[in-house]
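Hi there,

Here is the structure I promised to pass on to you.

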Amino acid sequence: MKAVGIRRFGGPEGLAVVDLPVPVPAAGQVVIATEAVGVGGVDTVIRSGALAAYGFKEGHIPGGEVAGTVTAVGDGVDMSWIGRRVWGSTGTGGGYVERAVVLAEEVLPLPSGLSSIDAVTLGSSGVVAHFGLRHARFAPGETVLVRGAAGSIGIMAVQLAARGGAAAVAVTTSSAERGERLHRLGATHVLDRSGDGGADAPAGYDVIIDVVAGADMPSFFDRLNPNGRMVAVGAVAGQPPADFGTKIMAAFQKSMSFAAFSAATVTGADRRAVRGEQFAAAVRGEIETVVHEVLPLDGAALAHRKMDAGEVFGRIVLTP
């Protein structure tokens, strides 16, 4: 079968199409004939080599979520899965393939009316946004800033905060055109990447959801209200400075807090429940999935170039 792997760490040109044997599921696994593969920000970070110290090696197959039809199941898995349209999580890799191996417990049936492309646009990002806001203890009436709102996680955080009764939903983004699109999705104030702009924007925020991290992250502590909470749900710009916590300590009397959030800390049952609710909401038109572009599987390097260049609004989807 065709797959795309990391031939060498670095730029997108390090991705290469490879041939792999068609997988046979082990006990507790299913094989999915992929119709759509989501391209996530973490894929580009892994490809760059920035996470090599965490065990990622050249030859790794990127991709964390797929959708398609189950073609085979391993021992202990109900045979009725075969032939069903599903979404599946491959974790930190294994998705850029024509046949994906997924643990049965990480598979969710797709409702009629939800395409495979929409499923991989929403499946992971919606869960991260939902539980990221919960991790921040977001409550109706509070002000929210989404830093890096043009990606799939940020877009979902904007929609969920607006639906959840936020008093204001500000976003940082790179252009007026993107700001207008985010406004249509629920944003009330559009700021530049540094968090400036908009004379009527709130002076401070109760919650900041940060998809970006990187060198500029500490400056956003200045934008937290007393008792404000910042939650990092991604790090597409890399790690923050090692001393970023000094900003919080310097403003000790504001009782601000910072936390990182990974959906890996949420139980599988809770992830499935929220994902199922969001899939149903998307079918009803209550949540909008935003697809930037659909490319063939062998267009993965182009997808990564677009991600690296900051051109993507929403999610790029690969179709094997």
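Let me start with a salt bridge (a side-chain nitrogen of Lys or Arg within 4 Å of a carboxyl oxygen of Asp or Glu): Arg-223 pairs with Asp-196, and their closest N and O atoms are 2.8 Å apart. This pair connects distant parts of the chain, 27 residues apart, with Arg-223 in the loop between strand 11 and strand 12 (224-232) and Asp-196 in the loop between strand 10 (189-191) and strand 11. Helices (H or I, at least four residues) and strands (E, at least two) are DSSP runs, numbered from the N terminus. Arg-223 is partly exposed, at 22% relative accessibility, and Asp-196 is partly exposed too, at 40%. For these labels, buried means under 20% relative accessible area, exposed means over 50%, and partly exposed is in between, with a 1.4 Å probe and protein chains only.

Before going further, a word on the ground rules. The model is predicted, so local features need pLDDT of at least 70 and side-chain atom pairs count only at pLDDT 80 or more, while totals for chains, interfaces and linings use all residues. Residues are numbered from 1 along each chain as its sequence is written, and side-chain values use heavy atoms, leaving out hydrogens and water.

The whole structure holds twelve salt bridges. One of them joins Arg-47 to Asp-308, with the closest N and O atoms 2.8 Å apart. Here the partners are 261 residues apart: Arg-47 belongs to helix 1 (residues 41-48) and Asp-308 to helix 7 (residues 300-308). Arg-47 is buried, with a relative accessible area of 3%, whereas Asp-308 is partly exposed at 42%.

Another salt bridge brings together the side chains of Glu-286 and Arg-163, at 3.6 Å from N to O. Glu-286 lies in the loop between helix 6 and strand 14 (291-296) and Arg-163 in helix 3, so this pair ties together parts 123 residues apart in sequence. Both ends are partly exposed: Glu-286 has a relative accessible area of 37% and Arg-163 one of 47%. A network of salt bridges links Arg-163, Arg-284 and Glu-286.

**Aromatic rings and charges**

Which residues form one aromatic cluster? They are Phe-221, Phe-244 and Phe-258. Rings of Phe, Tyr and Trp (its six-membered ring) pair if their centres lie within 6.5 Å; planes under 30 degrees apart count as stacked, over 60 as edge-to-face and the rest as tilted. By this rule there are three aromatic pairs. The ring centres of Phe-221 and Phe-244 are 6.4 Å apart and their planes are at 15°, so the pair is stacked. Phe-221 is buried, with a relative accessible area of 1%. Phe-221 also makes an edge-to-face pair with Phe-258, at 6.0 Å centre to centre and 85° between the planes. That pair spans 37 residues, from the loop between strand 11 and strand 12 to strand 13, where Phe-258 sits.

As for charges over rings (NZ of Lys or CZ of Arg within 6 Å of the ring centre and within 35 degrees of the ring normal), Arg-223 returns here: Arg-223 lies over the face of Phe-220, 5.8 Å from the ring centre. Arg-84 does likewise over Trp-81, at 4.7 Å.

**The nonpolar core**

A nonpolar core is a set of buried Ala, Val, Leu, Ile, Met, Phe, Trp, Tyr and Cys residues joined through side-chain atoms within 4.5 Å. The largest one has 49 residues, and Val-158, Leu-182, Ile-209, Val-233 and Phe-279 touch the most other members. Among the elements giving two or more residues to this core are helix 2 (116-135), helix 3 (152-163) and strand 11 (205-210). Helix 2 contributes the most, with eight residues. Another core of 34 residues lies apart from it, and includes Met-1, Ile-46, Trp-81 and Leu-295.

**Strands and backbone**

Strands pair if DSSP finds at least two bridges between them. Strand 3 (residues 29-39) and strand 4 (residues 65-73) run antiparallel, joined by seven bridges, and Thr-34 stands opposite Gly-68 in strand 4. Strand 4 is also antiparallel to strand 5 (residues 85-89), through five bridges.

Finally, Asn-227 has a positive phi of about 65° although it is not a glycine, and its place is in strand 12.

Enjoy exploring!
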